[in-house]
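Hello,

Here is the structure I promised to pass on to you. Please open it beside this email, and then read on for what turned up in it.

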Amino acid sequence: MEQLIERAVRTHRLTEKEITRLLAAPEAEEALARAADAVRRRYVGDGVHLRGLIEFSNICRQDCCYCGLRRDNARIERYRLDADAIVALARKAKGYGYQTVVLQSGEDAHFTAERLAAIVRRIKALDLAVTLSVGERSRETYALWRAAGADRYLLRIETTDAALYERYDPGMSHASRLRCLRDLRALGYEVGTGSLIGLPGQDARSLARDILFYQAIDADMVGIGPLIPNGDTPLGGAAPGDFHLTRRMVSLLRLLLPEANIPATTAMETMVPRGREIILTSGANVVMPNVTEGDYRRKYALYPGKICVADTPADCRACMGGRIKALGRYVAADKGYRRHGAAR
C-alpha cells in the first residue's frame, strides 16, 4: 500500500487494479489523506476557494432515482426565482467577498438559452466568475452561455458505468451525458463532473474506472459525494454511501489529478460532523457555501438532513472563513481558475 501511494504521489498514475485495491482498503485511508494533503499543498496551495451557491429553481424535467428534485416527486414544494432575484443574490455574494457564483437548478425548461444567457451577462458585469450547473442542453445552448461569459460548467456524470447510469437515471442516456461533457470541453469551459458514491450495484472497480475517466478527460473540477437516501425517491430505502470510501476517493483524485479543483461537499458534513474539514485535509481545496436566502434553502431538498438550511448567507460565509483559518489555511482571494502545468 505504501509503495502504491508513494508512486501515485510521484507519478500521478496508477492502474485500474491498483486504484481498486486502495479504494477497497480502509487501512490505507489515513496514509492516502496525508499524501493527498501534501500533493494539494504542492500543486494548488493552502488557499480554499469559496464559491457562492445560488439554487435558483428546484423544478426538474428529469426523474433520477436518487434526487429529491425528481420530476415525479409530488411531495416537494416547487419554486423558481426570477432573473432580478438571481442577480440580486449574486450581488450580495460579491458583497460577502465571493469571487465565483455557482448557478444551480434542476433541469427547468423555463430558463431557455437566451433567458439564462441574459442572467449570466448581468452577473459577469459584477466582475464575478460564473459556474453553471443546470444539466443537459444542446451544444448551441452551451455555446451561447459561454459567449455570454460563463466560465465553468458542472455536470456530474454520477457513474461511468453505463448500465448503472441508465438504471438510476431513467429516460436519460449515458452517451448523451458524455456528449455534453465533450461539447463543454470543446467550447472552452472549465469542466466539472463527479461521482455519487453508494449507488446500489456500484463497487470499487467501477469507482476506479470513474477516476481514470476523469484523468482521461482532464477534468478541471471533480465533486464527490455520498448517496444520502431520500424517502421521496425510489432509492429511499437504500443504504447510505460510505463516508470513508468517499474520503478515499477524494484523496485518490487529488493524487491522480493534482491540479484539479476538488470541493469538500455539503453532503459530507451532513453525514459526519465537521466533514468538510476532514475532506479539506484529505485533498480538497474548494467549498461552496449556500448564498440562497430564506425558505428556498429548505426547499432545494436533494436529500434529507441537509445542513445549514436555517442559516443566513452571511452566517455561512463567516462560519466557513473561521473554520478554514482554524485549519491553518486561508480563503483565497482570486477567482480560482485551475492552475496548469506547475507544482508550487
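Let's start with charged side chains: Arg185, Asp218, Asp220, Glu259 and Arg338 are linked in a network of salt bridges. A salt bridge here is a side-chain nitrogen of Lys or Arg within 4 Å of a carboxyl oxygen of Asp or Glu. The idea behind it is simple: side chains of opposite charge can pair when their charged atoms come close.

Before going further, a word on where the values come from. This is a predicted model, in which local features need pLDDT of at least 70 and side-chain atom pairs count only at pLDDT 80 or more, while totals for chains, interfaces and linings use all residues. Residues are numbered from 1 along each chain as its sequence is written, and side-chain values use heavy atoms, with hydrogens and water left out.

**The chain as a whole**

The chain has 14 helices and eight strands; helices (H or I, at least four residues) and strands (E, at least two) are DSSP runs, numbered from the N terminus. Its radius of gyration is 19 Å, close to the 20 Å that the globule rule gives for 344 residues, so the chain is as compact as a globular protein of that length. That radius is taken over C-alpha atoms, and the globule rule is 2.2 Å times the number of residues to the power 0.38. Along the principal axes, the C-alpha atoms fill a box of roughly 55 × 40 × 40 Å.

Buried residues make up 59% of the 344 residues. Buried means under 20% relative accessible area, exposed means over 50%, and partly exposed is in between (1.4 Å probe, protein chains only). As for contacts (heavy atoms within 4.5 Å), look at those between residues at least 6 apart in sequence: 76% of them join residues at least 24 apart.

**Salt bridges one by one**

How many salt bridges does the structure hold? There are 39. One of them joins Glu29 to Arg248, with the closest N and O atoms 3.1 Å apart. This pair links distant parts of the chain, since Glu29 is in helix H3 (residues 29-44) and Arg248 is in helix H10 (residues 243-256), 219 residues apart. Glu29 and Arg248 are both buried.

Helix H3 also has a pair within itself: Asp37 and Arg40 lie three residues apart there, about one turn of the helix. Their salt bridge has its closest N and O atoms 2.7 Å apart, and both residues are buried.

In another pair, the side chains of Asp183 and Arg179 meet in a salt bridge of 2.9 Å, N to O. Asp183 and Arg179 are separated by about one helical turn because they are four residues apart in helix H8 (residues 174-186). Are these two buried or partly exposed? Asp183 counts as buried, at 10% relative accessibility, whereas Arg179 is partly exposed, with a relative accessible area of 26%.

**Empty space**

Rolling a probe the size of a water molecule over the atoms shows where empty space is left. On a 1 Å grid over the protein atoms alone, a cavity is a set of points where a 1.4 Å probe fits but cannot get out, and a pocket is an open set with protein on both sides within 12 Å along at least five of seven lines; lining residues have an atom within 4 Å of a point. Grid points are joined across faces, edges and corners, and a volume is the space filled by probe spheres set on the points.

The search finds two cavities of 30 Å³ or more. The largest cavity holds about 60 Å³ of space, and among the residues lining it are Arg51, Thr131, Glu190, Asp220 and Asn261. Strand E4 (152-154) and strand E5 (190-197) are the elements that give two or more residues to this lining.

The second largest cavity holds about 50 Å³. Its lining includes Glu259, Asn261, Tyr337 and Arg338.

Enjoy exploring it!
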